[in-house]
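Please read them with the model open beside you.

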Amino acid sequence: MRLKTLLFVVLASVATIAGAREANVFASGLKAVPANDGTSFLISYTLNAPATSVAINIYQGETLVKTIEGIGLTKGENSQEINLAGLSGEYTWSVKATGEAWGESETATLVIDKTNTTTLDGYMSPRGITIDQDTESEFYGRVYVTETRNSTRNVGIYVYDAAFNDVTGQGNTSYGGNVAWGGSSGCTRIFLNKDGKIYLSDWSDSHPGVWRADAKDLTADFVPVFGGTPNGDGLRFNEDGVAISGSIPSCWVEGEGENTVLYTFDEDYINANGNVQGLYQFNIGNLEQPWAVAPSAVVYDNSDALHQNGNSVIIPQNGGWWISQTRWSEVAGIPSLVYFKDGEILFNSGALDPILIGSSYSAAICLFDEGTKMAVSSMNDIKVFSVAFDDAGVPSLTLDYDINPSLGQNCYSIAVDAAHNMYCAVDRLNASSTGNVGVFALPVAENACETPAPSAQKLVVAGGAVVSGDVDGDGVVTAGDITALYNFLLNGDMTGIVNGDQDGDGAITAGDITLIYNILLGN
C-alpha cells in the first residue's frame, strides 16, 4: 500500500453549546385512515419538536395539487381530518414541518440529555445508536440505543420515537433477544438495515460475534449470525478448527434477502497474512443457518498495522471504506481515521495533520448530508467536517465547526437525522460515572423538513369524476380556472388549484391552459 498526499484547509470556526432551544423539527409516523364519504381522511403524524407551521402537501405524480394547513404543531402525535373533495384517483402526500429559525450567532445546541431525564433512569454504558431513516418504513424516525452493561437498565436495545418517547412502553427493560451478552463489551454497536433487520455486535472475548434482530418483533429471540464455538480469547472456530470470526466492535450491512452482505471490523481474526484488526466480508444471504466458515473475502488486511487499538467503526463511501479507531493522540503510524480503497490508503489523518482530529476516543464517526458531511468524536467534543473527493477519488476533510463540550470523551456512536439533529451514545468514563445519550440540534439555514408518507399510506379518493377543465374544484369550467393556472406558472401560487394537471402529463404546463381554452370555446 502507499499513502497519497493530500492538501486540505481547516476552517477556524468553532461551535459551542448555546442556550436552550428545541430540536430541528421533522414529521414521522405518517398515517391516513379513509372516512366513509370517500373524500375525507384522518391523517396523523408525530413531530419530534414543536413546529411554527405545518403543510400537508397532496401530490399527483410529481405535481403538487393541493396544500392544506396542518393544525397540529405540538411535539408528539398530531392528527386532523382533511377533505379532498374535487379530486379523484390516487394521491401521495407529505408533511412539511417548519420550526423556529436559527439566529446567525446560534451554534449547535444540546436539546435532549437522557442523563437528566425524569421518566427513565439514565444509561450506564450506551455504545450504539442509530435512526430509522427509511421513509418507507413504518418505523421511520425511531431511535435505537444499546446498553452494554447491566445496571438500572439491563443489556440490550431501547427504542424511542422521534420525539424521544418510550414508544413501546419497555421502561428500563431492554429487548435482549435471549442472548447471553459478553461481559462489559456485549451488545456494543448497532446497525439497522433497510429491510428492518437490526445487527448487533458483541466485542467481548468471551462471547464474540454479531446477532440479528427484527424491528417488527423485538421480543423474539435474536438470531446468531456466526456459528462455531468461542475459544474465550475472542475467536470462533467451527468443528474442523477453522476460524470463523472474532470479537466485533462494529459492522455494516448492504443488500437484502439473498443478496445480504455483512461487513465486520474484527479485532481478533487472523488473516492469511498473519494480521489482525481487519475488515471482512460475509455473503450471509437469507442467513438460513449461522455462518460457520471463513469470511467470503478480506476487504482490508491491516498489513501496514495502522489499526492497533481494536475499537473501530467502518463506513463505506465511493467504493472505499472509512475506518476509525480509538486514539488518545494520533500519529501517522496509528491514525484516528483512514480511507481505504482498492488496496491503497488514500487518507491518513495522522500523516496529514495529527491535530485535524487529534484524539478519537472512542472512535465514533458518521456520514450525513448524502456523504458530504462527517462527524467525528474527539476528546469531549465532536468535530463536523465537509467531505470532498478529487478527480482521482482521494478524499479531503475540511473542519466546519467543533461541538465543545459534547457529552463526554467516550463517544462510541453518532447518528444524524434528516432534520440535522445529531444523536450520540457516550459510554461511562470510569466505574464511578454513568454514560450519556443525547441529541444536539445542528445549525441549519432553514429549519424545515418535508417527510413523504409511505407508499402504503396513499390517499385514494373515491369521489365522483372530476369535471374536465375544472382546476379549482367548483364543479364548473370558467375563466377562473385559467387564472389559477396562470398564477401558478408565473409565481408558483397554488391557491385555488386542486386539479391543475388537466392533460395528465404529470405536470402543470401551458398545455393545461390550452385545454381549458378549448373547452370554453366549445372545441
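1. Start with Tyr486. Tyrosine 486 sits in helix α2. This is a predicted model, and in it tyrosine 486 is partly exposed, with a relative accessible area of 39%. Tyrosine 486 also belongs to a nonpolar surface patch, together with Leu490, Tyr517 and Leu521. The accessible area of these four residues together is about 470 Å².

2. Next, helix α3, which spans residues 510-520. Which of its residues are buried? They are Asp512, Ile513 and Ile516. These three lie on the same side of α3, because they cover an arc of only 100° around the axis. In an α-helix, residues three or four places apart point the same way, since there are 3.6 residues a turn. Helix α2 (479-491) is included in what covers the buried residues of α3.

3. Asparagine 518 is in helix α3 as well. Asparagine 518 is partly exposed, at a relative accessible area of 32%. Just after α3, glycine 522 has a positive phi of about 85°.

4. Confidence. The protein chain has a mean pLDDT of 91, and 93% of its residues reach 70 or more. Residues 1-19 are another matter: pLDDT stays under 50 there. The model still has 59 contacts beyond four places in sequence for that stretch. Where pLDDT is low, the predicted coordinates should not be read in detail.

5. Salt bridges. The count comes to four. One of them joins arginine 21 and glutamate 106, with the closest N and O atoms 2.9 Å apart. This pair links distant parts of the chain, 85 residues apart. Arginine 21 is in the segment before β1 (27-34), while glutamate 106 is in the loop between β6 (89-98) and β7 (109-113). Glutamate 106 is partly exposed, at 25%.

6. Another salt bridge pairs aspartate 427 with arginine 127; the closest N and O atoms are 2.9 Å apart. Aspartate 427 lies in the loop between β31 (421-426) and β32 (436-441) and arginine 127 in strand β8 (residues 126-131), so the bridge ties together parts that are 300 residues apart in sequence. Both aspartate 427 and arginine 127 are buried.

7. Lysine 373 and aspartate 400 form a salt bridge too, with the closest N and O atoms 2.6 Å apart. Lysine 373 is in strand β27 and aspartate 400 in strand β29, so this pair ties together parts that are 27 residues apart in sequence. Aspartate 400 is buried, with a relative accessible area of 14%.

8. Backbone checks. Most residues other than glycine have a negative phi, and most peptide bonds are trans. Please inspect these cases. Tyrosine 361 and serine 362 are joined by a cis peptide bond, omega being about 10°. Serine 362 is in the loop between α1 (349-352) and β26 (365-368). The bond from asparagine 404 to proline 405 is cis, with omega near 0°.

9. Two positive phi values follow. Phenylalanine 164 has a phi of about 60° and is buried at 7% relative accessibility. Asparagine 318 has a phi near 50° and is partly exposed at 47%.

Technical notes:
Residues are numbered from 1 along each chain as its sequence is written. This is a predicted model: local features need pLDDT of at least 70, side-chain atom pairs count only at pLDDT 80 or more; totals for chains, interfaces and linings use all residues. Side-chain values use heavy atoms; hydrogens and water are left out. pLDDT is the predictor's confidence in each residue, from 0 to 100. Contact means heavy atoms within 4.5 Å. Buried means under 20% relative accessible area, exposed over 50%, partly exposed in between (1.4 Å probe, protein chains only). Helices (H or I, at least four residues) and strands (E, at least two) are DSSP runs, numbered from the N terminus. The arc is that of the directions from the helix axis to the C-beta atoms. Patches are made of residues with over 30% relative accessible area and no salt bridge: like charges are joined within 9 Å, nonpolar side chains (Val, Leu, Ile, Met, Phe, Trp, Tyr) within 5 Å. Accessible areas come from the Shrake-Rupley method with a 1.4 Å probe; for residues, only the protein chains shown count as cover. A salt bridge is a side-chain nitrogen of Lys or Arg within 4 Å of a carboxyl oxygen of Asp or Glu.
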